[in-house]
Amino acid sequence: MMRVLSVVGARPNFMKLAPVDRALVKRGVEHVIIHTGQHYDQGMSAAFFEELWIPAPDHHLGVGSASHAQQTAAVMQRLEPLLLDLRPDLLLVYGDVNSTLAAALVAAKLQLRVGHVEAGLRSGDWTMPEEINRVVTDRLSEMLFLPSRDAAENLSAEGIASDRMHFVGNVMIDTVAWALPQALKLNAAARYGVAGHPYAVVTLHRPSNVDDAGVLRELLDALGRLAAKVPVLFPVHPRTRTRITELGGRGRHPRGSKEHSLELLEPLGYLEMLSLVTGAALVVTDSGGLQEETSFLGVPCITVRPNTERPITCTHGTNRLVLLRRDALLAAAERALGRRSPARPVIERWDGRAAERIVAAVCDEERFEVDAAAASPPQMARRGVAIPVPLGAS
Ligand code: UD1
């Protein structure tokens with residue numbers, strides 16, 4: 001029997017793992033899951049395993065938080081003996097976090113085959129730790145599973161041969177499609193007192209947005225002002241929570257945090273977050289996953305970054321990049337608030353079947369070629385599950 005091993009560690013890995021695990025198990029493959037422990041809070045890790053029906057990890061490396069070098073090295077040191085022992089036919093890594101890079105590096109040195117799920121994305125921004133992780137992981141991986149066509153161009157530009165590329169589509173969307181009926185039933189908007197009103201959902205955790213006190217203050221100021229127009233729900237990542245507490249420690253609070261209903265929440269589970277995002281009039285974020293999810297759902301999204309490794313969400317989806325300036329953010333938010341349309345964008349191979357294609361490529365050597373001639377123009381269409389449009393959002 002074929003043995004595939006998946007290494008995951010941080011929150012955005014888990015929703016990518018879930019559909020791949022299900023598809024591998026359905027196919028009768030032995031699938032071993034290793035959790036590095038990069039993320040460890042219940043709300044950042046275990047909650048996702050439970051909600052997404054991922055089996056408990058077979059091995060847990062318990063690395064926790066540290067500097068990039070320490071965290072990456074700890075994953076490598078603890079993973080090496082396990083890989084030597086388990087000798088998988090293929091090691092799968094996901095996305096662009098430190099655990100992804102560390103696992104790919106260990107496996108490549110042991111001459112094990114590596115498959116990278118979400119390969120080929122590039123922001124071109126080397127100040128992002130994730131960009132370094134993406135480039136190196138792709139270079140080390142024999143099987144590259146591409147979520148979109150632009151990924152093939154990026155890889156070709158780096159001299160990577162097309163026979164390593166498999167244009168399978170986006171596994172994040174597999175999970176959205178799987179979870180959407182459950183998320184809609186949750187009606188999280190009612191739980192947070194915003195049902196029937198236009199509201200915004202915010203997430204921010206990139207070091208470039210939250211680690212500098214001046215930048216974070218400007219962002220919180222903008223969100224406070226946005227909250228004067230619509231309720232703003234902000235589930236706060238632990239990294240951001242620490243920084244906000246540090247600001248508060250110097251006697252500052254996000255403007256309008258109570259009276260204008262800018263609500264700072266604990267990190268949310270997957271289903272509750274999806275439920276809130278689905279009904280939102282606007283999402284403001286710096287997350288990669290949310291750029292994709294909002295595009296699929298047709299929810300206007302403002303990404304507070306100068307670049308994105310997911311340009312298809314801007315060209316074909318609902319995403320817009322905005323400069324890190326208070327007035328620019330507010331102006332973009334106002335424009336976006338009126339932009340929600342009942343039609344949802346259709347993005348090629350973001351159809352809930354990416355994991356199925358990965359398993360076909362792994363088990364049957366099926367080819368999912370990137371045929372440049374078939375590139376599709378942007379289009380909008382109604383399809384699939386109806387997404388409720390919040391009252392007041394046109
Ligand atoms: C990591 C990924 C980033 C991803 C993000 C999603 C890297 C380089 N970055 O960033 O790409 O978008 O995860 O969340 O891999 N912490 C906790 N509890 C936890 C995890 C973290 O309190 O369960 C706190 C710790 O103070 C830690 C800090 O968050 O030092 C940052 O965690 P870390 O995993 O280093 O990076 P993220 O910012 O989460």
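# A guided reading of the predicted model

Asn-187 is found in the loop that joins helix H7 (171–186) to helix H8 (188–191). Helices (H or I, at least four residues) and strands (E, at least two) are DSSP runs, numbered from the N terminus. The structure is a predicted model, in which local features need pLDDT of at least 70 and side-chain atom pairs count only at pLDDT 80 or more, while totals for chains, interfaces and linings use all residues. Residues are numbered from 1 along each chain as its sequence is written, and side-chain values use heavy atoms, with hydrogens and water left out.

Asn-187 has a phi near 45°, a positive value in a residue other than glycine. With a relative accessible area of 41%, Asn-187 is partly exposed. Throughout this text, buried means under 20% relative accessible area, exposed means over 50%, and partly exposed lies in between (1.4 Å probe, protein chains only). Arg-349 also has a positive phi, of about 60°, although Arg-349 is not a glycine. This residue is found in the loop between strand E14 (344–345) and helix H16 (354–364), and its relative accessible area of 25% makes Arg-349 partly exposed.

Another loop, between strand E13 (319–321) and helix H15 (326–337), holds Arg-325. Here the relative accessible area is 53%, so Arg-325 is exposed. Arg-325 and Arg-344 are 19 residues apart along the chain, and their C-alpha atoms are separated by 29 Å.

Which residues come nearest to the ligand? Of the 18 residues around the ligand, these are His-39, Asn-98, Glu-130, His-205 and Arg-239. A residue is near a molecule if one of its heavy atoms lies within 4 Å of that molecule. A polar side-chain atom of Gln-38 lies 2.8 Å from an oxygen atom of the ligand. For His-205, an N or O atom of the side chain is 2.8 Å from an oxygen atom of the ligand. For Arg-239, the corresponding distance from a side-chain N or O atom to a ligand oxygen is 2.7 Å. The protein covers 85% of the 740 Å² of accessible area that the ligand has on its own. The elements that give two or more residues to the shell around the ligand are helix H3 (68–86) and helix H11 (238–249).

All 10 of its 10 residues are buried, so H12 is largely enclosed by the rest of the structure. Among these buried residues are Tyr-270, Glu-272, Met-273 and Gly-279. Val-277 also lies in helix H12 and, at 2% relative accessibility, counts as buried. What does Val-277 touch, leaving aside its neighbours within four places in sequence? Val-277 is in contact (heavy atoms within 4.5 Å) with Val-201, Val-283, Leu-290, Thr-294, Leu-297, Val-299 and Arg-340. The C-alpha atoms of Val-277 and Glu-293 are separated by 8.5 Å, with the two residues 16 apart along the chain.

Helix H13 (residues 288–297) contains Ser-295. Is Ser-295 buried or exposed? At 0% relative accessibility, Ser-295 counts as buried. A polar atom of the Ser-295 side chain lies 3.2 Å from the backbone nitrogen of Thr-318. Beyond its neighbours within four places in sequence, Ser-295 is in contact with Thr-313, Gly-317, Thr-318, Asn-319, Pro-345 and Ile-347. Gln-291 is found in helix H13 as well, and with a relative accessible area of 0% Gln-291 is buried. When neighbours within four places in sequence are set aside, the contacts of Gln-291 include Cys-301, Thr-303, Arg-305, Glu-309, Thr-313 and Asn-319.

The last stop is helix H1 (residues 11–26), where Arg-22 is found. Its relative accessibility is 25%, so Arg-22 counts as partly exposed. Not counting residues up to four places away in sequence, Arg-22 touches Leu-52, Trp-53 and Trp-178. Arg-22 and Leu-84 are 62 residues apart along the chain, and 25 Å separates their C-alpha atoms.

Key:
Polar contact = N/O pair within 3.5 Å; in protein donor to acceptor, adjacent residues only side chain to side chain. Areas by Shrake-Rupley, 256 points an atom, 1.4 Å probe, with all protein chains shown as cover.
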